[in-house]
Amino acid sequence: MADIFKGIEPMVYKSRISVPYHWWAGETASRFLVALRDEQKILGTRCAACNKTYLPPRKNCPLCFSASMEWMEVSNEGTVVTFTVARRQLASLPRKAPVIFAMIKLDGADTAILHYLDGVDPGRVKIGMRVKAKFSKDRGARMQDIECFVPKGE
Amino acid sequence: MAKRVAIVGTGQTFHKSHRPDVNGQELINEAVRAALADSGLKMDDIDAVIIGNMDHFEGINYVDCWSVDGSGATMKPIFKITTGGTTGCTIAIGGYHLVASGAFDRVLVIGWEKNSESDTSGAITTAFDPVWDRLVFAGAISGLAAEAQAYMARYGATDKDGARVSVRDRKHALNNPHAQLRKEVTLDEVLASPMLADPIHLLDVCPRTDGACAVIMASEDVAEKICKSPDWIWGTGNRHPYAYLGDADYGRLTSMKRASTEIFKKAGIKEPRKQINVIELYQPYSFAGIIWIEDMGIVEPGKGAEYIGSGATDMGGELPINPSGGVISCNPIGATGLIRCAEAAMQVMGKAEGRQVPDVNFAVSTGFGGCWWTDMVLHGKKKPNY
């Protein structure tokens with residue numbers, strides 16, 4: 001199929017569309033984000049029937065679909081469940097490569113959250129490593145109100 | 001009682017990184033004409049059409065309507081299904097359901113993508129939750145890398161084990177004229193290729209591709225009149241567990257375990273490793289070729305690397321995987337899952353030419369989507385006994 005262009009001058013058209021979205025976080029995420037902004041507290045929700053505390057918090061239990069969830073504060077310290085080091089500077093990567101992404105299970109939560117891991121050499125990150133949240137000085141009720149996680153004790 | 005369903009024809013385009021010689025409709029048309037020719041049917045014979053892709057890659061929202069000049073679906077029932085990476089397999093399952101319901105006898109299923117028309121990583125990022133996951137994440141590779149890291153820590157696998165899978169698939173691609181990348185690589189070349197996201201090297205992952213695939217399904221009332229030895233669908237499974245990225249059990253593909261357990265039980269398959277003759281695995285990166293066959297029950301957890309290393313999944317081995325060269329050799333995303341389905345069907349029908357595995361009784365094809373989803377189809381030579 002080396003001759004697919006034979007007799008064809010392929011024309012290309014560029015998009016002029018820009019679709020800027022804004023997303024309403026919803027009541028459950030908003031409560032989490034306000035607590036994060038105003039009190040530097042990390043809140044999950046717990047399903048008593050399944051005995052699981054979810055982070056991010058859920059309005060319904062994803063396992064049993066129960067709507068009777070109770071709010072729980074979880075620790076700002078936790079354990080690295082898994083991680084990777086993104087080495088390439090993709091346009092969609094909001095930071096300068098290399099970037100360490102980690103799945104972190106905070107103490108008291110049964111699910112992990114995704115965040116940056118800083119303050120450690122990319123070659124020295126280990127699964128099972130203990131980390132704690134570093135809160136941002138510039139807070140705007142976003143996940144980035146946690147600036148990153150850093151190894152505990154540093 | 002559901003009707004039994006068979007695949008009676010398949011068609012694929014020539015998949016390339018860029019196909020600027022055709023627009024999306026023309027690309028779709030190429031696959032549709034190939035599938036019609038393969039089955040000996042005409043567009044008039046088709047009762048309904050299912051089409052799928054990933055909207056953000058082309059920025060075209062109403063693909064079902066927009067594509068009718070290419071798909072032939074003008075004034076026919078046409079349905080769009082889109083489920084991210086799993087799309088190609090989900091549309092196959094959708095086609096199966098349409099025919100099994102008894103509402104339609106002959107259904108055309110089309111998966112396509114022109115990945116060259118946008119920023120693949122950016123478009124894939126739209127699959128993640130905007131509030132929780134998207135702001136600190138980018139593309140698909142980092143999530144896969146996190147899976148590989150967790151698996152390696154749990155079972156002691158190395159990046160060499162991953163590279164071995166890549167060597168296999170890239171070698172198999174030499175037998176497939178439709179594969180985009182057809183160049184053999186060595187273990188050392190994989191390991192020396194640039195690190196993208198630890199532990200994934202450039203040669204561990206799939207390319208991005210322009211391509212389309214079409215599959216024609218028929219009910220048991222007409223299938224054997226169209227095709228003497230069709231590919232019978234024995235079961236389909238579909239598990240989409242994702243809520244947020246941190247919910248997954250990294251290092252295990254739970255959705256694969258659930259889908260395969262359901263299908264094998266239904267079909268009475270007790271020893272999948274011995275009873276299945278070939279697998280077309282939607283394996284977007286090498287380590288998945290180790291991890292996910294464990295979840296499918298082919299080998300015990302932690303034994304995947306040893307099994308791959310033994311050559312058992314190479315052509316001529318006990319259970320060849322990805323005779324087509326797989327996703328690592330060719331990945332037009334919305335078509336990719338349907339290509340797995342078509343390739344498995346070709347194996348069962350004895351039409352796989354240079355990549356044919358001998359005496360295929362059962363074949364498995366799968367789809368994988370960004371947030372740890374699995375779609376799966378079991379194909380068989382005999383008509384299901386249920």
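## Where the chains meet

How many residues of chain A are in contact with chain B, and how many of chain B with chain A? In this predicted model, 36 residues of chain A are in contact with 33 residues of chain B. Three elements of chain A each give two or more residues to this side: strand E4 (77-86), strand E5 (99-106) and strand E6 (113-116). E4(A) gives the largest share, with 6 residues.

What kinds of residue make up the side of chain A that touches chain B? By class, 27 are nonpolar, 7 are polar and 2 are charged.

## A sheet in chain A

Chain A also holds an open sheet of 3 strands. Their order is E2-E1-E3, and the pairing is antiparallel. Strand E2 (52-54) and strand E3 (69-74) of chain A stand at the edges. Each has a single partner strand, so one side of each is left without a neighbour in the sheet. From one strand to the next, the twist averages 40 degrees.

Now take one pair from this sheet. Strand E1 (residues 42-47) of chain A runs antiparallel to E3(A), and 6 bridges join them. A:Leu43 stands opposite A:Glu73, a residue of E3(A).

## Two domains in chain B

Chain B is divided into two domains. Domain 1 takes in 5-119 + 209-226, and domain 2 takes in 129-206 + 234-380. Their C-alpha centres lie 23 Å apart.

The two domains of chain B also touch. Here 34 residues of domain 1 are in contact with 29 residues of domain 2. On the domain 1 side, strand E1 (5-12), helix H5 (87-100), strand E4 (106-114) and strand E7 (210-219) of chain B each supply at least two residues. Which element gives the most to that side? H5(B) does, with 8 residues. By class, the domain 1 side has 14 nonpolar, 17 polar and 3 charged residues.

## A helix in chain B

Helix H16 of chain B covers residues 333-349. Is this helix mostly covered or mostly open? H16(B) is mostly covered: 17 of its 17 residues are buried.

Why does its length make sense? At 1.5 Å a residue, the 17 residues of H16(B) should span 24 Å. The end C-alpha atoms of H16(B) are 25 Å apart, which agrees. An α-helix has 3.6 residues a turn, so residues three or four places apart point the same way.

What follows H16(B)? The next residue is B:Gly350, and its phi is positive, near 75 degrees.

How values were computed. Residues are numbered from 1 along each chain as its sequence is written. Chains are lettered from A and ligands numbered from 1 in the order in which they are written. This is a predicted model: local features need pLDDT of at least 70, side-chain atom pairs count only at pLDDT 80 or more; totals for chains, interfaces and linings use all residues. Helices (H or I, at least four residues) and strands (E, at least two) are DSSP runs, numbered from the N terminus. The expected span of a helix is 1.5 Å times one less than its number of residues. A residue is buried if 20 or more other C-beta atoms lie within 10 Å of its own, exposed if 12 or fewer, and partly exposed in between; C-beta atoms are placed from the backbone. Two strands pair if DSSP finds at least two bridges between them. Axes are lines fitted to C-alpha atoms, for helices over the stretch in contact, and angles run from 0 to 180 degrees between N-to-C directions. Two residues are in contact if their C-beta atoms, placed from the backbone, lie within 7 Å. Ala, Val, Leu, Ile, Met, Phe, Trp, Tyr, Cys and Pro count as nonpolar, Asp, Glu, Lys and Arg as charged, and the others, Gly among them, as polar. Domain bounds come from an automatic or database domain assignment.
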